[in-house]
Amino acid sequence: MRLYIETRVRAGLDELWARTQGPAEHQRWDLRFTEIRHLPRAGGEDEPRHFRYATRVLPFLTLSGTGVSAGEKERPDGTRTSALRFSCPHPLSLLADGSGYWRYVPDDGTGEGGGVRFLTGYDYRTRWGAAGALADRLVLRPLMGWATAWSFDRLRIWLEHGVTPERARRNWLTGLTLRAAVITAAGTVLALRPVALLGSAGAFLSPLLLMAAIAAALLVPPPARTPAARRCLRTPPDPVRPPRLLRTLETPR
């Protein structure tokens, strides 16, 4: 699996499972999806669950697709796993189909005291030949990795601090606006003549201070209740394999 994201959530295993497995809850915190809904079951409760998803990429363009998922809620080692395969038939979607998994690994065996390692691995196939592969490498894959990590941190904040996903997004937008304002203001002042504004002594000090302000706006971590992709682990600490559950699923068409 090419993309890997991991976070640690100080919450109960059941609570984390509920916030991630229910479509209504999932679509609230996951930036990658605008809508997720289950389709009627063809078999019993133990059968894989089919679903439909949609992602609004532009105000006038929504890409939709279908998927199938299955979960293992009771495993001998105390962990839980879910796996899925998905496809998007829309001709404007660079992403054609893919597969992935979620793993829930309690730090203390129960998920109550030490929290839960919540991690994902996934990969996908692209369209448009060599041009699509280049667009994926330069744009889509970095964006998908960032969006997944940012969403995982938003979920963590929801569970640990009680900040709803909608409020967390507003916090992020407010912080982004403030950072952009600082960078814009500092850049505007740098474009002026420091000597004329501050005198010869300020000619050396002013640019350094302004550059420090720009660096701070770019590098200072966001507040604890504002999502940030940088808080998530992006490289697996140990070799990982997709769960065997994934092999039981067929890519929907």
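Here are some questions and answers about this predicted model.

Me: In what order do the seven strands of the open sheet come?
Reply: Strands in a sheet pair through backbone hydrogen bonds, either parallel or antiparallel. Here the pairing is antiparallel. Walk across the open sheet and its seven strands come up as β1-β7-β6-β5-β4-β3-β2.

Me: Which are the edge strands?
Reply: Look for strands that pair on one side only. The sheet is open, with its order running from β1 through to β2. So, by the rule that two strands pair if there are at least two bridges between them, the edge strands are β1 (3-9) and β2 (35-38).

Me: What is the bridge partner of E35 in β3?
Reply: Start with β2, which covers residues 35-38. Four bridges join β2 to β3 (residues 49-58), and these two strands run antiparallel. In β3, the partner of E35 is A54.

Me: What angle does the direction of helix α3 make with that of β7?
Reply: Helix α3 takes in residues 129-161 and packs on the sheet. There, α3 touches β1, β6 and β7. Its direction and that of β7 make an angle of about 155°.

Notes: Residues numbered from 1 in each chain as written. Predicted model: local features only at pLDDT ≥ 70, side-chain atom pairs only at ≥ 80, totals over all residues. Heavy atoms only, no water. Contact = heavy atoms within 4.5 Å. Axes fitted to C-alpha atoms, helices over the stretch in contact; angles between N-to-C directions.
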